[in-house]
Amino acid sequence: MMSNILAFPVKEQPRDRTPLELIVEQELLDLGADSYMINVVIQRMEKFLALASFEFDLKMQVSKNCLDEMNQNVFPVISDMQASMRDTMNEMLTERVLHEIRLYNLERHAVK
């Protein structure tokens with residue numbers, strides 16, 4: 001005789017927040033958001049944050065003859081580009097968080 005095994009739904013275990021999610025969480029905490037609002041905003045931003053967390057993969061091999069020129073001309077440009085990209089991403093992240101806060105507040109007032 002074979003027993004019937006019932007599969008009970010299992011609640012998904014909460015995963016650790018990504019570095020960008022932690023930044024958003026801290027921004028929201030600094031603005032006085034409660035945990036419910038933080039979870040709603042981070043859940044809505046999940047795709048955006050995944051796209052925003054890309055890394056440039058700039059592995060290269062350089063001969064010793066070229067190294068001095070690379071150090072003088074190429075690496076500073078790459079460093080400046082990385083800083084510019086980081087600043088732009090920070091601005092985009094802040095704008096998106098502010099947008100989500102406005103949306104959250106509009107929806108909350110509409111429900112009342």
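**Entry 1: Arg 44 and Glu 100**

I started with Arg 44, which forms a salt bridge with Glu 100; their closest N and O atoms are 3.5 Å apart. The model I am looking at is predicted, so every value I note here is computed from it. This pair links distant parts of the chain, with Arg 44 in helix 2 and Glu 100 in helix 4, 56 residues apart.

Next I looked up how accessible each partner is. Arg 44 is partly exposed, and its relative accessible area is 29%. Glu 100, on the other hand, is buried at 3%.

Which residues join Arg 44 and Glu 100 in one network? I found Arg 96 and Glu 107 there, brought in through salt bridges that share partners.

How many salt bridges does the count come to? I noted five.

Arg 15 pairs with Glu 21, and here the closest N and O atoms are 2.8 Å apart. I have Arg 15 down as partly exposed, with 48% relative accessible area. Glu 21 has a relative accessibility of 3%, so I count this residue as buried.

Arg 17 forms a salt bridge with Glu 25, at 3.5 Å between the closest N and O atoms. For Arg 17 I read a relative accessible area of 28%, which is partly exposed. Glu 25 is partly exposed too, at 21%; buried would need a value under 20%.

**Entry 2: the aromatic pair**

I then turned to the rings, and a search of the whole structure gave me one aromatic pair. The partners are Tyr 36 and Tyr 104, with 6.4 Å from centre to centre and 55 degrees between the planes. Is that stacked, edge-to-face or tilted? I wrote down tilted, because edge-to-face would need planes over 60 degrees apart and stacked would need them under 30.

Where do the two tyrosines sit? Tyr 36 is in helix 2, which covers residues 35-44, while Tyr 104 is in helix 4, which covers residues 64-111. The pair therefore ties together parts that are 68 residues apart in sequence.

Buried or exposed, I asked of Tyr 36? Tyr 36 is exposed, with a relative accessible area of 57%. Tyr 104 counts as buried, and I noted 7% relative accessibility for this ring's residue.

**Entry 3: looking back**

Putting my notes side by side, I see helix 2 and helix 4 in both entries: Arg 44 and Glu 100 link them, and Tyr 36 and Tyr 104 lie in them as well.

Terms used. Residues numbered from 1 in each chain as written. Predicted model: local features only at pLDDT ≥ 70, side-chain atom pairs only at ≥ 80, totals over all residues. Heavy atoms only, no water. Phe/Tyr/Trp six-rings, centres within 6.5 Å; stacked < 30°, edge-to-face > 60°. Helix = DSSP H or I, 4+ residues; strand = E, 2+ residues; numbered from the N terminus. Buried < 20%, exposed > 50% of the residue type's maximum accessible area, 1.4 Å probe, protein only. Salt bridge = Lys/Arg side-chain N within 4 Å of Asp/Glu carboxyl O.
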